[in-house]
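Keep the structure view open as you read.

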Amino acid sequence: LCTDVGDYTKKYLTDECAFIVDAECISSSVDAIGRAIRLPQSEFFHMRRKARELAEKKFYYKHFQKEISNFLEQNN
């Protein structure tokens with residue numbers, strides 16, 4: 001469940017791996033929670049796998065380890 005804030009939802013997330021909700025609309029969140037509760041187990045496992053794949057591919061910190069280390073060394 002993610003709010004549609006910033007560019008990461010448009011750039012990375014899809015309905016295949018997340019329930020994207022309008023940050024300013026409570027009913028959007030309530031509807032998404034209801035959809036998540038009713039989600040068949042096979043679809044839940046599919047979404048979970050896709051979310052994990054996305055996290056490992058795009059957000060895993062070790063992909064940026066060199067840049068992070070350089071930044072910390074330069075700003076120490």
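Of the 76 residues in the chain, 17% are buried; bear in mind that this is a predicted model. Buried here means under 20% relative accessible area.

How is the chain put together? You will find four helices and two strands, and following the sequence gives the order β-α-β-α-α-α. The radius of gyration is 16 Å, well over the 11 Å that the globule rule gives for 76 residues, so the chain is more spread out than a compact globule. If you draw a box around the C-alpha atoms along the principal axes, its sides come to roughly 50 × 30 × 20 Å. As for how the chain meets itself, take the contacts between residues at least 6 apart in sequence: 33% of them join residues at least 24 apart.

Now turn to the surface and look for Y60, Y61, F64, I68, F71 and L72. These residues form a nonpolar patch there, and together they have about 620 Å² of accessible area. F64 sits in the loop between α3 (41-59) and α4 (65-74). Why does F64 count as partly exposed? Its relative accessibility is 38%, and partly exposed covers the range between the buried limit of 20% and the exposed limit of 50%.

Terms used: Residues are numbered from 1 along each chain as its sequence is written. This is a predicted model: local features need pLDDT of at least 70, side-chain atom pairs count only at pLDDT 80 or more; totals for chains, interfaces and linings use all residues. Side-chain values use heavy atoms; hydrogens and water are left out. Patches are made of residues with over 30% relative accessible area and no salt bridge: like charges are joined within 9 Å, nonpolar side chains (Val, Leu, Ile, Met, Phe, Trp, Tyr) within 5 Å. Accessible areas come from the Shrake-Rupley method with a 1.4 Å probe; for residues, only the protein chains shown count as cover. A salt bridge is a side-chain nitrogen of Lys or Arg within 4 Å of a carboxyl oxygen of Asp or Glu. Buried means under 20% relative accessible area, exposed over 50%, partly exposed in between (1.4 Å probe, protein chains only). The radius of gyration is taken over C-alpha atoms; the globule rule is 2.2 Å times the number of residues to the power 0.38. Contact means heavy atoms within 4.5 Å.
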